[in-house]
Structures are given as C-alpha cells and as structure tokens.
Amino acid sequence: MVQSKKQKNLFLAFCLVPTFILFAIFTLYPLFSGLYYSFFDWSGSSSNSEFIGLDNYRRLISDAIIPQTIWHDYFLVITKVFGIMILAIFFAVALTQLKIKEAPFYRVVFFFPNIMSVVVIGILWTFIYNPSLGLVNSGLEFIGLESWTRPWLGDQDWALPSLVLPSVWAGIGLFMLLLIGGISNVSKSYYEAAEIDGANQWQQFWKITLPLVWPQIKISILYIVITTLNGSFIIVQIMTGGGPNNSTHVMGSYLYQQAFVQYNFGYGATIGVMILILSLLTVLILQFFMKREKVQY
C-alpha cells in the first residue's frame, strides 16, 4: 500500500506520542521532581517546604552512613555479577552443548524464581535463614557443623553476605535463557570445524562460544548492575530492614528510611540524585571497559 508522507507522519505520531507522554509522566517528571526537591527541606507530607540550597548535599557528604550504603550496593553488584554470570553461563552451555534430554524441564525450573515476586523471595529466604527452624541451620546441624550455625540475618558480619544467595538464586534463570538464545544462534559448523582441528570442549567454549555470545553477556552484566543499584533495596527492606546496626543498608533502603520513615523527603531526594549519578557513571565505565569489536568467523 502506497502511503503519503503525511500519512506516515501521522502513523508515527500515533505510535510515539502516547509512549512519550507515559515516559514523561512516569520517568521524566519523577526525575526532575526529585532533583527539584533535593534543594528543599520538606517532610513530604506537609504543604510547607523551605528552600535550603545545597544544604542537603553538604549533609550527604558528611553523613557517615552514606559510604557504608555505597559499599554495600557495590558489594552486591560485584557478587551478583560474578555469581549470576558464572552459573548462568555454566547452565546455558550445559543445556545446549551436552544434549541433556531433560533440558526443557531444567529451563523451567531455573526460570521459575524469575516469575516470583521479590517480596515472596525475600519472605521465603527469611524463613530459610531462620535461626531455629530454617533449612540452613538445620542442614548444618544435620551434618554435624553446629558451631557454624548462627542468626544469619541478625549477625552484623553475615547479614549482608546472606543477601547474596537469594539474589543470585532469583536471577540465574533469566540470564541463562538469554545466553541459551545466543548460543543456539551460533552455527554448529564452527564447532564441527573446531573438532576436526582437534579443539576440546574447553577450547571451543573460550574460542567460539564466549566471543560469539559476548553481546548477550554484556547486556546481562549491565542489566544486573542497573537493577542492583536501583532495586536491591526491596530485598533488603523485606529481609533485614537495613539492620542490624545499618550493616545491610543500601542506598535505596536508606533513601526509603529517610524519606518515608523519618520524613526527610528533601534529603531522600538528594540520595536519589546520588543513586542516579552513580548508576550512570557505573554504566558508562562498564561500557567503556567491555567495549570490543564484533567477532566474525
């Protein structure tokens, strides 16, 4: 069907304008509102607000808890990236290269946590870590390691590391499927040629699979980093509430505490600006270091 230029423009406007309006309402407006309120002393529930300039940012710099929250966030970022990607790559390669008959079943099993709410996952793992009835302590007692048992989420040294396991468990399935899609698109002729040349399975993985699925790996790492820096507060809030003694507070949970518990909404908005800046800088740095030429054989 031949369409005039006017008809094409109308069609594009019909598709793009509603999307832009929703983007402006749910993304741009909160973004600029947060930046605006970061210059005010406001409780978030009253009509009175006082312009205080950069005082919230000065408070941010001198706040002793902020460096802890930044370290906790990046601890979760690093452990999740390594934990999720190593396991996701391992299972993706195993389910595609080893010709396992039950592969479709395992895909469903690994992906199942991704369809669960983060709240459900947090509650589930809170029971698993329960000092008296949880599976972790019960399992350690069963194998004779009673000295290793502890109140995992109530121990200041172990509370933060304890959040890594549920976070990794919940994230493997999605990235495993993404990598399976990438590996499935690699031509089998490459592997056949490699076998003829005498390459073993490990060499095939390093020289063929890994370079050709690098775009999927890069996207996965960036997605994990972004979602962790902006969304890890949910599981923290459910499982530990930032405790004990602020040992698990991340930037998002500290923002929530300041804005919605202590009603320092202006200061909470300032923390939000910090999260945005750190997220952008982290993504830009990662994109620079993970940049590589497209591999073709």
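Visitor: How do you know which residues and atoms count?
Guide: Residues are numbered from 1 along each chain as its sequence is written, and side-chain values use heavy atoms, with hydrogens and water left out. The model is predicted, so local features need pLDDT of at least 70 and side-chain atom pairs count only at pLDDT 80 or more, while totals for chains, interfaces and linings use all residues.

Visitor: What makes a space the largest pocket, and what is its volume?
Guide: On a 1 Å grid over the protein atoms alone, a pocket is an open set of points where a 1.4 Å probe fits, with protein on both sides within 12 Å along at least five of seven lines. Volume is the space filled by probe spheres set on the points, which are joined across faces, edges and corners. By that rule the largest pocket has about 640 Å³.

Visitor: What makes a residue part of the lining of the largest pocket?
Guide: A lining residue has an atom within 4 Å of a point. The largest pocket has 22 of them, and Pro30, Gly34, Leu255, Gly272 and Val273 lie nearest its centre. Helix H14 gives the most, with 8 residues; helices here are DSSP runs (H or I, at least four residues), numbered from the N terminus.

Visitor: How many residues of that lining are nonpolar, polar or charged?
Guide: There are 15 nonpolar, 7 polar and no charged residues.

Visitor: What is the second largest pocket like?
Guide: Its volume is about 450 Å³. Among the residues closest to its centre are Lys80 and Ser167.

Visitor: Why is a group of residues called a nonpolar core?
Guide: Because its members are buried Ala, Val, Leu, Ile, Met, Phe, Trp, Tyr and Cys residues joined through side-chain atoms within 4.5 Å, where buried means under 20% relative accessible area with a 1.4 Å probe, protein chains only. The largest such core has 61 residues, with Met85, Ile217 and Ile271 having the most contacts inside it. H3 brings the largest share, 13 residues.

Visitor: Which residues does Met85 touch?
Guide: Leaving out residues up to four places away in sequence, Met85 touches Lys80, Leu179, Ile217, Ser220, Ile221 and Ile224; contact means heavy atoms within 4.5 Å.

Methods:
Helices (H or I, at least four residues) and strands (E, at least two) are DSSP runs, numbered from the N terminus. Ala, Val, Leu, Ile, Met, Phe, Trp, Tyr, Cys and Pro count as nonpolar, Asp, Glu, Lys and Arg as charged, and the others, Gly among them, as polar. Buried means under 20% relative accessible area, exposed over 50%, partly exposed in between (1.4 Å probe, protein chains only).
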